[in-house]
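Please study the sequence and the three-dimensional structure shown below. The paragraphs that follow lead from the overall form to the details.

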Amino acid sequence: MAAPSSPTPSGQAPGLTIEQRRAHDPRVTFFHVLVALALVVLASGLAYQQLLKVDTHAEAERVQNQRRIVHPGPRGQILDREGRVLAGNRPRFSVRLLLDALRLEIRTEQIRIRRNYRQLDDAAAGDLPSAVQILQIARATVVQRYLDQVNALIGREEKVDARDLDRHFARELLLPYTLLDNLAPAEYARLLEGLPVNSPAQVHTASVRHHPHNSAAAHALGYVGTGDAGEIEDFPGGDLRTFKMKGTVGRDGIEKRLDDQLQGEAGGAIFRVDPAGNRIHPPLQQVLPRAGQDVRLALDLDLQLAAEARLAETEMAGAAVALDVRTGEVLVLASKPDYDLNTFSPRLSAATAADITARGAWFKRAIQGVYKPGSTFKVLTAVAGLRAGTLDPAAKISCDGSMRVGTRSFSCHDGAAHGEVDLVTAITKSCNVYFYRAGLEMGPEVIAREARRFHLDQPTGIELPDETRRMLIPDPAWKRRLTGEGWASGDTVQLAIGQGFVDVTPLQMACFAASIARDQVWTQPYLLHDPARPPQRHEGTGLNPAQRAALLQGMEQVTQRPHGTARIFQDPRVLAPLPGLRLAAKTGTAQKQDPKGMINFAWLIAFAPVDDPRIAVAVAIEGDTPGEETGGGRYATPVAHAIFKAWLEKRNRPPGLPVQFRNG
Amino acid sequence: MPFKRISQANPLLTLGLIVAAWLLLPTAVKTVARASFFELTAPVTLAASRVRDLQDFWALRARSRTELIEAGRDLARVNASFELAVQQNGELRAEVARLEELLRLSPLRDHRLEHARVARRDFSGWWQRIVIRKGRDHEIPVGAPVVFSGGVVGRVSEVHATTAVVELISSPTMRLAGVVEGDTRPISFQGGVNPTLAPPRGVVELMPLDIIASPAVPKRLVTAGFGGVFPPGLTLGTIIRADLASDGLFKSGEVALDPRLGTLTEVSVLVPVAPASAPVRATP
């Protein structure tokens, strides 16, 4: 038993707590009540938060712990008629920097930079940069620090483009900044291992358009630009923090025209993340993206490459079009100069864009270039005269090398006298005088009416955007309406040989050649391939068999020696033989007044085989030197020859064997 | 009374003063203190590990002679098969050297194997690490690959004088470039969020679409060797699932890792051998 302790100086017994001593002290009781009330408040609050606000907290927890990622669906591929890829997709690897995670680092750097300037007494000298400048320096320094890490890992020496970085901060702060793009597999593999998982710099993948044949059919395929990833139907988590990857949108060519079809359906996933933001697999919810539909074009890659290679050899601007005579499907749609479509992925640089502009390569000469058809138009004049009855195939006229119309003398195409010529010879030798007379006899309205019957006054309606509407078939009423002047005889003779005011596109002339081949007046061109497409049937030309035979005989002799204007088709010293292939063609050389002088344009329309036409071709080459004789026979024929050669090789090739093209 | 009440708060005041002092200490002092902590506690870890070894030793001492004889016989059999394997390896090495010479391939960066005993395992949902009984004294560098008979164990993340911390490949903060055996296209491998007692798993991303893997048709994932840290061809695990990823460009999937990762007792650190021209650091 403990001995009673002596009272303390304050008079209280030792060994007792204040509570024991003052159990009934009103002041202590007050505190008891206060504490009890506080506990009740806390318990009520806890119950309120845990029972009544459970949904709110669960929602907040969900928003904090889950992330939503939306990816665009892969774009559909563009294939040629045999299923070969013209435009596909490939992954692109880049290193991106998450700017959100750099705020503290940039702030620290700002302070450090300001302190350094002050220590250097620059402030006193008035050289202290402004707050904005210090911020820009700090941003560039921090970003360069991460870029140096990447450089060290993959052995590069890249520098941050400060202007580009400022632009990104000003306009796209919420999006990651791309440090390096288009990484090679070995580079991104090194970065995967070298960059910490929670680093603001991370490897990123995206899909970009890939063109295995670079510039092949560039104007027909078109290109894509950056677009929205799209929305996913009935995909929850709209309130979650969403990372939306950029998609693509067609900007030109078939990519633009069939954008809805090519565009894939976006997919996405909702992931739970750890406190560092790392994704925890598997995703809580996932909607797989769906690839867009593939588009199969009527183009034949082999023919297209052959045409483009030969066009490029001319080192002049030009276009070549080839059609399937029966269906109107476009086998070749080539235009030079053009551009490498791969330079558009991921984005076109300003320097490349300037180069394309300087070369005039944006211009789609096959569907936008309007040219005087020159002597190729004589075929139409012949049809018009034969149908009007003013031209007799057997009748001969005398060509002495020129013809006077009014006060002006019009010469024959080569200035030589052709002597006595009938329709076949006139076509074979491209005698202007013959067609001057034929034109004057039938009159301009007849020629114009026939040209309109062949739809040469309107766009073809091919499935491409931007086909020109500037084609022109003139007649006296048009001239009076436009200039207020009357139609002169000189205008008629010019029209009869495809000069003067008439303007057509290479695609139109290819359609015209295909129509002549089928003995019909219209060929609707199709860029999309349909294996079940029926042969086209339109109004006939109205020529009787004898007239048609004369026309075809003339066109066939154009390709033959000794007088045909496209006789190099048969000259083995110039072009490889096309054994067994009967060709019908018409060359043309049109003139155009240019600020530099008179420029020649080389033309050729052709089809083959003559007795069972399958393929029709039109080629137009722009001369680039004033006064230079850029004739259709010399410049356009080799391009058409390349197309026919490739076509013939494919036709004669046993199934399954690849075709080999040779230049020359 | 007021004086006495303040004196009762002395412990709190002391704690507050210590916290304030820690906050005000220069960063260098704090770094040294933090590093010293690991060095000071290392003997405890090592002692515990050695006690466990001793415990195992005495447990083995309790075995009967018959059991030991049987174990010795089994061991002799295993040794014989290993001797055969060593001979075969020697022949294969010679063949590889001959082919490298023939194809003029540059020799791979050589490594020295530093065997180390596992002192401690530190597993949680967020990281998976082991502490090994070798460190700076054995020239183990940060980032060195660590392997065992089943493939890759992980990478050295911290090095102390006598211990080193190894981050396992099952840890979610571990990422490597791998390739499917027989393929050359790099794939991203990352450790998964693994519950403590569950079989270890990882995830693969950026896997080409033409690679098919399932539990029935698993694919072996090996190191790519592109990163410059891990030599190529070391086993990471087995891809047992591959599904189209949400971006539609690649597949992502699941990798089953070697279940022995959770019970490792002995590992080997691949210490890069310095080139002949480089000065060799003297060991203390």
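What radius of gyration does chain A have, and what would a compact globule of 664 residues have? Chain A has 39 Å, whereas such a globule would have a radius of gyration near 26 Å; this radius is taken over C-alpha atoms, and the globule rule is 2.2 Å times the number of residues to the power 0.38. Along the principal axes, the C-alpha atoms of chain A fill a box of roughly 155 × 65 × 55 Å.

This is a predicted model, in which local features need pLDDT of at least 70 and side-chain atom pairs count only at pLDDT 80 or more, while totals for chains, interfaces and linings use all residues. Residues are numbered from 1 along each chain as its sequence is written, and chains are lettered from A and ligands numbered from 1 in the order in which they are written.

Chain A has 22 helices and 20 strands; helices (H or I, at least four residues) and strands (E, at least two) are DSSP runs, numbered from the N terminus. Chain A is divided into domain 1 (63-89 + 209-297) and domain 2 (301-339 + 361-652), with bounds that come from an automatic or database domain assignment. The centres of these two domains of chain A, taken over C-alpha atoms, are separated by 44 Å. In chain A, 17 residues of domain 1 are in contact with 16 residues of domain 2, contact being defined as C-beta atoms, placed from the backbone, that lie within 7 Å. On the side of domain 1 of chain A that touches domain 2, helix H8 (218-221) and helix H9 (253-257) each supply at least two residues. H9(A) gives the most to this side, with four residues.

Another contact joins two helices of chain A. The axes of H5(A) (residues 131-154) and H6(A) (residues 162-171) come within 10 Å and cross at roughly 110 degrees; axes are lines fitted to C-alpha atoms, for helices over the stretch in contact, and angles run from 0 to 180 degrees between N-to-C directions. H5(A) and H6(A) are therefore roughly perpendicular to each other, a term that covers 65 to 115 degrees. H5(A) contributes Gln136(A), Arg139(A), Ala140(A) and Val143(A) to the contact, and H6(A) contributes Ala162(A), Leu165(A), Asp166(A) and Phe169(A).

Chain B is divided into domain 1 (16-61) and domain 2 (175-262). The centres of these domains of chain B, taken over C-alpha atoms, are separated by 35 Å.

Notes. Contact = placed C-beta atoms within 7 Å. Parallel < 35°, antiparallel > 145°, perpendicular 65-115°, else oblique.
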